[in-house]
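The sequence and structure are shown first.

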Amino acid sequence: MAETIFVIVEQREGKLNRVSWETIAAGQAIAAETGWSLEAGVVGSGVSAIASEVAQKKVSKVYDVESPKLEPYTPDAFAHALKSFLEKYPAKLVLMPHTYQVRDFVPKLATSMETTAITDAVGYKYEGGKLSFTRQMFQGKFMADVSFAGTGPCFVTFQNGSFRGDKAEAGGGAAAVETFNVDVPDGVIRNKPQEVFKEAKQAVDLTQAEIIVSVGRGIKEQKNIELAKQLADALGGELAASRPICDNGWLPMDRQIGSSGQTVAPKLYLALGISGAIQHIVGMKGARSIVAINKDSEAPIFEISDYAVVGNLFDIVPPLIEEIKKARG
Amino acid sequence: MKILVCMKQVPQKDAPLKLNEAGTWIREDVSYEVNEPDAFALEEALRQKEKHSGEVVVITAGPARAMQVLREALAKGADRAIHLEDNAFVGLDAYNTARAIAAAIKDEKFDLIFTGLQSDDYGYAQTGVILAQILGLPHATIIMQIEKTEAGIRVKRELEAGFFQFVDVPLPAVLTIQSGINKLRYATLIGIKQAKTKPMRKVTLADVQSAMGNNLQKIDKMYIPEKSKNTEFLEGSPSEIAKKLVEKLKNELRVI
């Protein structure tokens, strides 16, 4: 019997999170290689329109897992609903995007089914009939091939940008959509979530910047931020930072790049003293070109850089500013 | 409030790491430090205790070296420590680590259990949530603020792209703490002195093994990432590098 791969797409307030297309593309690629069948599902309240949208893609079936108690999102209700569903429709492999919402419920769901989740994977391998998943370790310094030792279902979450969402194939016709009404008994949901909000109006929209100079821990002290600012000004770009800089209050939170900050794709991303932890990389790996200056020759940021300078940024940035000024006249 | 803080020792951020011969893990002869989000979790526990009184207990699972993390936590103000001490704890998956911790605290009742949101080594971001499920407790992840309320606590969750959400959670509960939730304190000299007399309970692998099982996931192979780009390294004196880089910015990348 053919095994089933089940992709759970993410919706928030009734809208499909576009990163879900990447997970569909991942599921299609694995299905093509293994010969397993691919199904998809959406979880929520009144989300049949999303199920229909997903059914346009090349999947054999789409399930709309419904309960009024699934809105607003709570980990208790989501884990309960998906466990009920997967007990009725067993899958070999369950794929999801590695979003903050998925991170919040997937370890609970997997544990409740006495199985495990390989989280934040960036790819997969299928060799000799064995499936393994590639993920970063030690903040991106190493990669690891990780495989399941249990019986499953096996949960896997994929990091943003690991697959191309625009490569998710459309189907020949719309796949069948089946509604699965799930009962979430009173007492299952323990948390009471309030409205989602944005802290302050974002003063800077870094997503529109063509040139970004970004600083990390290597900048060492708050007073050195000025040097990076001068470089950004010389280039006519915006100043940004990795999380620890904003945590320290050296730059405001709205200049933070990464999973908890903004995701950018400028023409030039110049990284000063940024080692390149995964949480930062996901926010900037779409840049057209990346230049990194870092004293550690093994910093993961160099893996994705076009031009790399191994050295002390305090030695290199001052002459760099002068040369840029000369070049711009 | 009685609060448990789960902490992990990880290689120092800028420690040069090398693979072991089997290519399944790193060589462990490196310098270690506390996992950064766990340090924020401890700080938050200490602050909650200062506001509402109670007790802060710290726990770690790891070899003898990992005791350093507990010592530092005691010096900063934690009241007592639990050390699940064995080399084998290094190789556990998140499910087994959570099961070991659950077994080690089975005779205790905590109002709150904190973990950092993820570890700098594996980066699975799962142990806290799994622990909540094993203990039958509600949880909330990526927490940036905790206020006590009449019915329990109100926490501020960080969501993606600058969004946040307040969530009311009944106690007892498990929270995973985000870096930057507070400002870390340093240990004082008197704190370091007092730490030596504070209780440290050792738990062996044998004590908790019956609660554990086989790892459900396995690292087949670890390796240095393949380059996805042809990186050109620019070398020379700082002024030579500056000239070369500007030439690239101008003629190759065309941003000047």
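## Domains of chain B

In this predicted model, chain B comprises two domains: domain 1 spans 2–211 and domain 2 spans 225–256. The centres of domain 1 and domain 2 of chain B, taken over C-alpha atoms, lie 42 Å apart.

## Contact between chains A and B

Chain A contributes 73 residues to the contact, and chain B contributes 71 residues. On the side of chain A that touches chain B, helix α8 (residues 313–328) of chain A gives the most, with eight residues. By residue class, that side of chain A consists of 31 nonpolar, 21 polar and 21 charged residues.

Strands also pair across the two chains: strand β12 (residues 192–198) of chain A runs antiparallel to strand β9 (residues 163–170) of chain B, and five bridges join them. Opposite Phe197(A) stands Phe164(B), a residue of β9(B).

## Surroundings of Ala77(A)

Ala77(A) belongs to helix α3 (residues 75–88) of chain A. Ala77(A) counts as buried because it has 25 C-beta neighbours inside 10 Å, where the cut-off for a buried residue is 20 or more.

Apart from neighbours within four places in sequence, the contacts of Ala77(A) are Lys69(A), Leu70(A), Val184(A), Val188(A) and Ile189(A). Cys246(A), by comparison, is 169 residues away from Ala77(A) along the chain, and 34 Å separate the C-alpha atoms of Ala77(A) and Cys246(A).

How values were computed
Residues numbered from 1 in each chain as written. Chains lettered and ligands numbered in written order. Predicted model: local features only at pLDDT ≥ 70, side-chain atom pairs only at ≥ 80, totals over all residues. Domains from an automatic or database assignment. Contact = placed C-beta atoms within 7 Å. Helix = DSSP H or I, 4+ residues; strand = E, 2+ residues; numbered from the N terminus. Nonpolar A, V, L, I, M, F, W, Y, C, P; charged D, E, K, R; others polar. Pairing = 2+ DSSP bridges. Buried ≥ 20, exposed ≤ 12 C-beta atoms within 10 Å, placed from the backbone.
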